[in-house]
Amino acid sequence: MADDQGEVPVPQGIIEVSAFMPDARANPHPKLKALREACPVMRDEMAKTWFLTRYGDIRETVNDRSFIRNPMSAEEGSINRQFARDEEEARRTSILFLDDPDHARVRPPLAKAFYARINRMKAEIEQIVDDAIAALPASGTFDLMEEIAVPVPVTVIARILGVDEARLDDFRQWSEDVILSLNPVRTPEETARMEAGGTALDAYFAELMEARRKAPGDDLITDMVQLQAAGDAPLTDDEILINLQALLVGGNLTTTDLIGNGVWLFLNHPDQLAALKANPGLAAQAVEEVLRYEAPVQATSRIVEKDKSVAGCPMKEHQVVFCSLAAANRDPDAFDAPEAFDITKKRASHIAFGGGPHICIGAPLARIEARQVYVKLFERFPDMKLPDQDVVWRALPFFRGIETLMVSV
Ligand code: HEM
């Protein structure tokens with residue numbers, strides 16, 4: 001399905017390119033293109049934020065270590081301020097919103113343990129994908145999101161962390177509840193569920209940490225408590241808990257959407273699906289192209305610490321700079337024929353995982369899962385089709401994913 005890239009008016013505020021607007025929710029790219037061409041450094045006074053859309057500006061901004069992330073440092077009234085209601089909440093943050101020196105203390109041991117774990121468990125992760133695909137019905141119509149894209153990432157992360165089989169259902173529910181934190185327009189009921197899920201997860205992780213101290217397992221929680229005991233990870237128990245939760249919040253929905261967006265793209269681009277089936281060796285490049293073309297996380301942000309020039313504009317301390325990863329990923333200055341979904345083309349690196357000190361820690365894991373799904377799903381169902389349906393995209397601002405994707409096999 002080709003994007004409608006007709007002329008559209010230049011958006012005046014970031015709400016217009018968010019999933020709050022039905023047209024941007026269905027397809028944000030025409031409006032992002034209009035902004036990138038006419039107003040690549042936009043100031044939105046209502047949302048109290050800058051909005052960048054050019055690849056070069058965004059690459060430079062995310063790599064620049066002089067920006068900060070703590071929401072309490074952001075301008076009053078900005079979106080970022082909604083992510084931390086008070087100092088206490090801001091202090092109890094994962095690496096996602098942490099600044100140096102704490103970020104430089106907490107991230108490296110976590111990243112090192114996480115990467116080693118993924119390397120060790122690669123075959124097991126692929127097996128989880130294979131089992132989920134083998135369990136699909138041999139014929140009929142089903143929701144790809146419900147059967148594969150949602151359960152695979154949560155089952156994988158449960159296995160990595162060492163969640164007991166008997167607690168898997170609870171763990172799935174709590175994971176879903178804490179992800180509500182990504183939605184700034186939650187209902188009070190959803191906020192209550194999110195908080196209860198967070199409390200339950202904290203309690204369960206604390207229980208697991210104690211259990212693994214006594215009887216080590218073969219999992220990430222064991223790795224973290226052992227590093228901590230050896231003095232190699234100068235982290236408190238609380239910091240370990242918060243950052244384990246961050247793996248769920250940061251990793252589950254995003255990987256779900258990478259899987260869903262990819263299957264949707266392939267089924268809408270039969271030539272690309274044929275290229276993948278003819279040469280499964282293209283799968284790794286295909287994952288990168290899906291990430292570029294329909295980035296599951298559409299934006300990240302930085303906060304100006306001291307007045308400075310950003311993307312050629314003078315910006316003031318505390319101001320928020322939103323970076324549209326989706327717009328950058330289709331910038332013709334960085335990519336040839338950027339509006340074409342083409343898995344066969346060698347392209348410059350996309351920026352779907354952000355960059356610099358906060359670059360996504362879960363990228364290698366998301367890549368393994370998506371690659372395995374694309375290859376094995378179309379191997380088992382070479383004639384998979386999209387039945388007639390109105391695909392509904394998630395209403396979560398700055399995330400891009402499909403709610404339900406019916407497929408026929
Ligand atoms: C396709 C899947 C994913 C996408 C598109 C994605 C995207 C992102 C982006 C854009 C950022 C912010 C980077 C920046 O501001 O420069 C980020 C950070 C992060 N992601 Fe992911 N992510 C994905 C999967 C995962 C997974 C599987 C995990 C863990 C299991 C994860 C954990 C995190 C964490 C902990 C951070 C914060 C890193 C820091 O601030 O130091 N992500 N991710």
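This is a predicted model: local features need pLDDT of at least 70, side-chain atom pairs count only at pLDDT 80 or more; totals for chains, interfaces and linings use all residues.
A residue is described as partly exposed when its relative accessible area falls between the limit for buried, under 20%, and the limit for exposed, over 50%.

A search of the whole structure finds 33 salt bridges. One of them joins the side chains of Glu-37 and Lys-33, with a distance of 3.8 Å from N to O. Both residues belong to helix H2, which covers residues 29–38, and because they are four residues apart they are separated by about one helical turn. Lys-33 has a relative accessible area of 22% and is therefore partly exposed. Glu-37, by contrast, is exposed, its relative accessible area being 55%.

A second salt bridge is formed by the side chains of Arg-394 and Asp-257, at 2.4 Å from N to O. Arg-394 is located in the loop between helix H15 (363–380) and strand S8 (406–408), whereas Asp-257 is part of helix H11 (residues 237–268); the pair therefore ties together parts that are 137 residues apart in sequence. Arg-394 has a relative accessible area of 15% and so counts as buried. Asp-257 is likewise buried, with a relative accessibility of 0%.

Glu-289 and Arg-347 provide a further example, in which the closest N and O atoms are 3.1 Å apart. This pair also links distant parts of the chain, since Glu-289 lies in helix H13 (residues 283–293) and Arg-347 in the loop between helix H14 (325–328) and H15, 58 residues apart. Both Glu-289 and Arg-347 are buried. Salt bridges may also be connected to one another: Arg-43, Glu-45, Lys-48 and Glu-75 are linked in a network.

The nonpolar side chains were considered next. In soluble globular proteins, nonpolar side chains tend to be buried together. The largest nonpolar core of the model comprises 93 residues, and the members that touch the most others are Leu-144, Leu-161, Phe-171, Phe-205, Phe-266 and Leu-377. Helix H11 gives the most to this core, contributing 14 residues. Another core lies apart from the largest one and consists of 17 residues, including Val-17, Leu-32, Ile-303 and Ala-326.

Methods:
Residues are numbered from 1 along each chain as its sequence is written. Side-chain values use heavy atoms; hydrogens and water are left out. A salt bridge is a side-chain nitrogen of Lys or Arg within 4 Å of a carboxyl oxygen of Asp or Glu. Helices (H or I, at least four residues) and strands (E, at least two) are DSSP runs, numbered from the N terminus. Buried means under 20% relative accessible area, exposed over 50%, partly exposed in between (1.4 Å probe, protein chains only). A nonpolar core is a set of buried Ala, Val, Leu, Ile, Met, Phe, Trp, Tyr and Cys residues joined through side-chain atoms within 4.5 Å.
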